[in-house]
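Here's a quick briefing to read alongside the model. Have a look at the fold first, then work through the notes.

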Amino acid sequence: MKTVAVIGAGTMGNGIAHTFAQNGFVVKLIDVSEKALDKAMETIANNLNRMVTKGTITTEVFAKTITNIITYTDLKDGVTGVDFVIEAATENLDLKLAIFKKLNELCPHNTIFATNTSSISITQIAAVVAHPDRVIGMHFMNPVPLMPLVEIIKGYNTSDEVVAITLALTQKLEKTAVTVNDHPGFVANRILMPMINEAIETLYNQVAGVAEIDAVMKLGMSHPMGTLQLADFIGLDVCLSILNVMHDGFKNPKYAPCPLLVNMVNAKKLGVKSGEGFYDYSESKKAEKVSKQFLK
């Protein structure tokens, strides 16, 4: 297996494409937007350039990685001739189901379909595909080229053979795979998202400010970044989507998103991607920027 297709050129998609290409795979990166593909290639080049500057990779690896990535706006052209497809579209069930229905029409029955979903049921996604045994979760962590973990999620029908192939593929990427079962949020987000939600509740209840909450988590809990800063980095819209999936899946009020998170997403304060979330990234990455209107 030397060629893979990656669907979605956003933060996760371009990171996955980068990682596969750097490890010798030919990657067919697919997105409906030519602009998104151009931005993805620019991001990958910038990230590779930083790695060259730090001495992590050579200029030869830089050039080979870029050469290994081919971009497509047409899904049919992108998935033709590949044995392994990774979907990395927005964390939206309807969108993912539409993509997998299309993949089912375009790909041979032995093509393996992986989804980078961080919370949505693998079994539910696989239900729209003939031979659901070939569908698996492959949840990469952000930033993909740097984070060692890949959460491998086995759906109800996922075959042992597909799990074994995916584990071997992950090893070729020099990542550590951890296999988990198919429950809302899996392991990573089942634990992480309630913590993020509680940090937002702590701010909402005016127990402390953004800087103070993050300082406690960094200095007291040895976390590499504050919880609210991490939420900004993930994307507040993504955090909200995951919490909604978990709340719907478990029917437990402890997963209900904080009203402050809902208000900020509605106001398009999404974190790093929008230039403003709990911090203001347009002026200073250290400047606290939460409008008082959200705390009323």
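Let's start with helix 10: its buried residues pack against helix 8 (188–204), helix 9 (210–221) and helix 11 (236–250), where contact means heavy atoms within 4.5 Å. Keep in mind that this is a predicted model, so local features need pLDDT of at least 70, side-chain atom pairs count only at pLDDT 80 or more, and totals for chains, interfaces and linings use all residues. Residues are numbered from 1 along each chain as its sequence is written, and side-chain values use heavy atoms, with hydrogens and water left out.

**Helix 10**
- Helix 10 covers residues 227–234, and its buried residues are Thr-227, Leu-228, Ala-231 and Asp-232; buried means under 20% relative accessible area, with a 1.4 Å probe and protein chains only.
- Looking down the axis of helix 10, these buried residues fall within an arc of 145 degrees, so they line one face of the helix; the arc is taken from the directions from the helix axis to the C-beta atoms.
- As background, an α-helix has 3.6 residues a turn, so residues three or four places apart point the same way.

- Helices (H or I, at least four residues) and strands (E, at least two) are DSSP runs, numbered from the N terminus.
- There's an open sheet of 8 strands in the order 3-2-1-4-5-6-7-8, with mixed pairing; two strands pair if DSSP finds at least two bridges between them.
- Strand 3 (69–72) and strand 8 (176–181) sit at the edges with a single partner strand each, so one side of each has no neighbour in the sheet.
- From one strand to the next, the twist averages 25 degrees.
- Strand 1 (residues 3–7) pairs with strand 4 (residues 84–87) in the parallel sense over 4 bridges, and Ile-7 stands opposite Glu-87 in strand 4.
- Helix 7 (residues 160–172) lies across several strands, including strand 7 (149–154), to which it runs at about 175 degrees; axes are lines fitted to C-alpha atoms, for helices over the stretch in contact, and angles run from 0 to 180 degrees between N-to-C directions.

**Cysteines**
- The disulfide count is 0, taking a disulfide as a pair of cysteine sulfur atoms within 2.5 Å.
- For Cys-239, the closest cysteine sulfur is in Cys-258, 12 Å away and too far for a bond.
- Cys-239 is buried at 0% relative accessible area, and Cys-107 counts as buried at 8% relative accessibility.

Note on methods:
Buried means under 20% relative accessible area, exposed over 50%, partly exposed in between (1.4 Å probe, protein chains only).
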